[in-house]
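Work through the exercises below with the sequence and the structure at hand. Each task is followed by its solution.

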Amino acid sequence: MKIGEISKRSSVPVETIRYYEKIGLLSKPDRDSSDYRVYRNVHLDRLLFIKRCRNLDMAQDEIRELIRLSENPEADCHEVDALLARHLDHVRDRLKELENLEKNLQQLQKACSDASTVQECGILGGLSSELEELHNKNSGHDNHVPGTHRPGKS
């Protein structure tokens, strides 16, 4: 099948398919006499596997590791379980970050009194002071943005 067909069958955009090929998550397909990519069912299966992993918010490195592990079907699945446990820990950390985000947003929303102008808006004032505090707090740190996916780091 050509790239348009595999894209339609997998519901993965053409650009994403090309990107997965470029970074090595999806093997490059053969080319026909007209130099069109020719995808096989093995490509579709891999693409659907990647899509399922992405739907679980797995990072490219995690997916790459799962693919590597899947290439040795007789091996003990301990490494797969360990990878999933690490990912689950990351998801739990993100849930905590989102709970904190929700509390911060609720506090900002409470700052909106009966101000009649943008200049008097408690939300905008709160956001300005929050940004200053965040900048001062993170000066010299690793610039980690809460909610981004960096396996092994929180």
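**Exercise 1.** Which residue lies over the face of Tyr 36, and at what distance from the ring centre?

Solution. The model is predicted, so local features need pLDDT of at least 70, side-chain atom pairs count only at pLDDT 80 or more, and totals for chains, interfaces and linings use all residues. Residues are numbered from 1 along each chain as its sequence is written, and side-chain values use heavy atoms, with hydrogens and water left out. A charge sits over a ring if NZ of Lys or CZ of Arg is within 6 Å of the ring centre and within 35 degrees of the ring normal. Lys 2 lies over the face of Tyr 36, 4.5 Å from the ring centre.

**Exercise 2.** Find the buried residues of helix 4 and state where they pack.

Solution. Helices (H or I, at least four residues) and strands (E, at least two) are DSSP runs, numbered from the N terminus. Buried means under 20% relative accessible area, exposed over 50%, and partly exposed in between (1.4 Å probe, protein chains only). In helix 4 (residues 60-70), the buried residues are Glu 62, Ile 63, Leu 66, Ile 67 and Leu 69. Seen down the helix axis, they fall within an arc of 165°, so they line one face of helix 4. The arc is taken over directions from the axis to the C-beta atoms. These buried residues pack against helix 3 (41-55) and helix 5 (78-110), where contact means heavy atoms within 4.5 Å.

**Exercise 3.** Where do Asp 57 and Arg 94 lie?

Solution. The side chains of Asp 57 and Arg 94 meet in a salt bridge of 2.1 Å, N to O. This pair links distant parts of the chain: Asp 57 is in the loop between helix 3 and helix 4, and Arg 94 is in helix 5, 37 residues apart. Asp 57 is partly exposed at 25% relative accessibility, and Arg 94 is partly exposed at 24%.

How values were computed: Salt bridge = Lys/Arg side-chain N within 4 Å of Asp/Glu carboxyl O.
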